[in-house]
Each structure stands twice: as structure tokens, then as C-alpha cells.
Amino acid sequence: MTGVSLVASTLHWLRMPGLPTMQAHTLLGSGLSLLLVFRTNSAYQRFQEGRKIWNDILDLCRDIALTTSMFRKEAGPHRVRAIRTSVQAFPFAMQEHVRAQESSNVKQRLDWLLEEMREARGELSGRATLGAVAKHSQPTLNKPLHIISRMLAVIASIPNCEDAFTNRERVYLMSMVTSLSHTVGRCERLIQTPVPLSYARHTVRFVSIWTLTLPFALVGSCGWFTVPFVAFVTWALFGILEIGNIIEDPFRRTIEVTPIC
């Protein structure tokens with residue numbers, strides 16, 4: 001855009017006429033501002049939803065861990081270990097799942113937790129009361145849902161202990177784990193349904209045409225000052241577009257989920 005501004009200023013200096021009026025840009029400027037507002041708002045709503053999802057993951061993991069610790073005597077050390085490692089592994093598995101890329105530190109931590117979870121599963125598989133746990137040993141590409149299924153199987157295998165642990169407590173624990181599984185679907189919905197490409201392309205084309213023709217509309221009144229003025233306007237408008245592009249994908253480019261994990 002700066003080059004176009006220089007060309008327009010040079011042509012004006014050589015007595016070449018520019019656009020006779022600014023009315024077209026003034027009229028289109030209102031529509032352009034609304035388009036940019038809608039574009040940025042839609043991207044920010046996706047960012048807000050992603051932040052809320054990770055806050056729900058953090059709260060649910062804490063609630064599951066605290067509730068399990070209350071019934072550690074009834075559940076037994078092996079089940080508590082299996083649930084504990086599953087809760088620890090879930091955020092790392094979710095981070096890898098939603099980002100579709102592997103970080104060496106995250107992968108190392110996740111592999112260690114999954115191995116500990118498999119060891120706890122092996123300890124549980126030898127117990128007669130946990131035959132249901134062995135049914136869920138099939139590997140899956142969706143690691144978060146695999147961890148969810150492991151936790152549900154372990155919680156379902158906890159025996160009733162008079163009034164200390166009954167079906168009421170079991171259903172309460174399983175409802176929290178089910179709520180945790182819903183966060184997987186919410187994250188996948190954000191990833192699999194991005195902002196429509198036609199909408200994003202139309203916004204970019206509109207801004208490009210508006211800024212390309214802006215120097216020819218300003219050069220008659222601004223002269224050589226057209227160059228810095230158009231450079232500032234271009235930086236501002238395309239900066240807004242880039243902010244929208246960055247925050248519309250909250251899990252890969254905006255929210256730093258490693259400290260949360």
C-alpha cells in the first residue's frame with residue numbers, strides 16, 4: 001500500500017488528476033467498519049468459549065480428584081492411583097488432541113502418565129471385582145475419550161460399602177467424568193467449525209480494494225502526506241484482521257494451555 005501511495009503522490013506531482021471525491025470511500029467506510037467489527041467479534045467469541053472450556057476442564061479435574069480422595073478408603077489404593085493418573089493425564093491428552101501437533105515436553109509427560117495409568121490398570125486387572133476394567137483396554141486414537149472410559153470403568157468397579165459409598169456417590173462421580181467428556185466435544189466443535197472461509201476472504205478483499213484506492217482519493221488534498229497516512233490506515237485495518245485470524249483458533253495460537261495442564 002505504501003508503494004501505491006508513492007505512485008499516486010508522484011502522479012499528482014506530475015499533474016495527473018486523482019479521484020475527484022472521497023464520497024465513495026466515506027460511504028464504503030461505514031460498511032467496512034461494520035464488517036471488521038463482526039469479524040473481530042466472532043473471533044473473540046470463539047476465544048472466550050475456548051477459555052471457558054479449559055476453565056471447566058480445570059474445575060472438573062479438581063472436583064474429581066477431591067471427591068476421589070474423600071472415598072480413598074472405600075475405593076482402595078489401586079483405584080485411587082488409576083483415577084489420579086487419569087485426571088493428571090487428561091489435560092495433556094486434550095492439549096495434544098486440540099492442537100493436532102506434538103510438543104516434546106507434553107508428549108513426554110503424557111507418555112509417562114499413560115504408562116503409569118496402564119500399570120495401575122494392570123494391578124486392577126488381577127482383582128476379581130474389576131473384570132469390567134479389562135473390557136476397556138483397547139487403544140484408541142482419541143486419547144482424551146480413552147482416558148474418560150478408563151475413569152468410568154474404574155469408578156463403576158468400586159464396590160458398595162454400606163452407607164459410606166453407594167450408588168449415589170458412584171453416580172455423582174460418574175456424572176462429573178461425563179461432564180469432562182463433554183468438554184472434548186465442545187473443543188472439537190470449535191476446531192471443526194471455523195469461521196467460514198468465504199466470509200474471511202470477502203473481508204480481506206474488501207479491505208484490500210478500499211486501501212488500494214484510498215491514495216488516489218487522498219492525494220488531491222494531502223499531497224505527499226498521503227504516504228504516511230495510508231501506511232497508518234493500512235497498518236490499523238490489516239492489524240484488526242490479523243488479530244481476528246489469531247484469536248479465532250484459541251487452542252493453537254492464543255490460549256497458553258501448558259501452565260493450565
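This is a predicted model: local features need pLDDT of at least 70, side-chain atom pairs count only at pLDDT 80 or more; totals for chains, interfaces and linings use all residues.
View 1. Residues are numbered from 1 along each chain as its sequence is written, and side-chain values use heavy atoms, with hydrogens and water left out.

**View 2. Confidence along the protein chain.** The chain averages a pLDDT of 76, and 70% of its residues score at least 70. Confidence is lowest in helix 1 (residues 2-13), with a mean of 55, and highest in helix 7 (residues 167-192), at 89; helices are DSSP runs of H or I with at least four residues, numbered from the N terminus.

**View 3. The largest nonpolar core.** A nonpolar core is a set of buried Ala, Val, Leu, Ile, Met, Phe, Trp, Tyr and Cys residues joined through side-chain atoms within 4.5 Å, and buried means under 20% relative accessible area (1.4 Å probe, protein chains only). The largest such core has 32 residues, and I57, F90, M94 and L180 are among those with the most contacts inside it. Helix 2, helix 4 (77-99), helix 6 (143-156) and helix 7 each give two or more residues to this core, and helix 4 provides the largest share, nine residues. Leaving aside neighbours within four places in sequence, I57 is in contact with F90, M94, L180 and T183.

Key
pLDDT is the predictor's confidence in each residue, from 0 to 100. Buried means under 20% relative accessible area, exposed over 50%, partly exposed in between (1.4 Å probe, protein chains only). Contact means heavy atoms within 4.5 Å.
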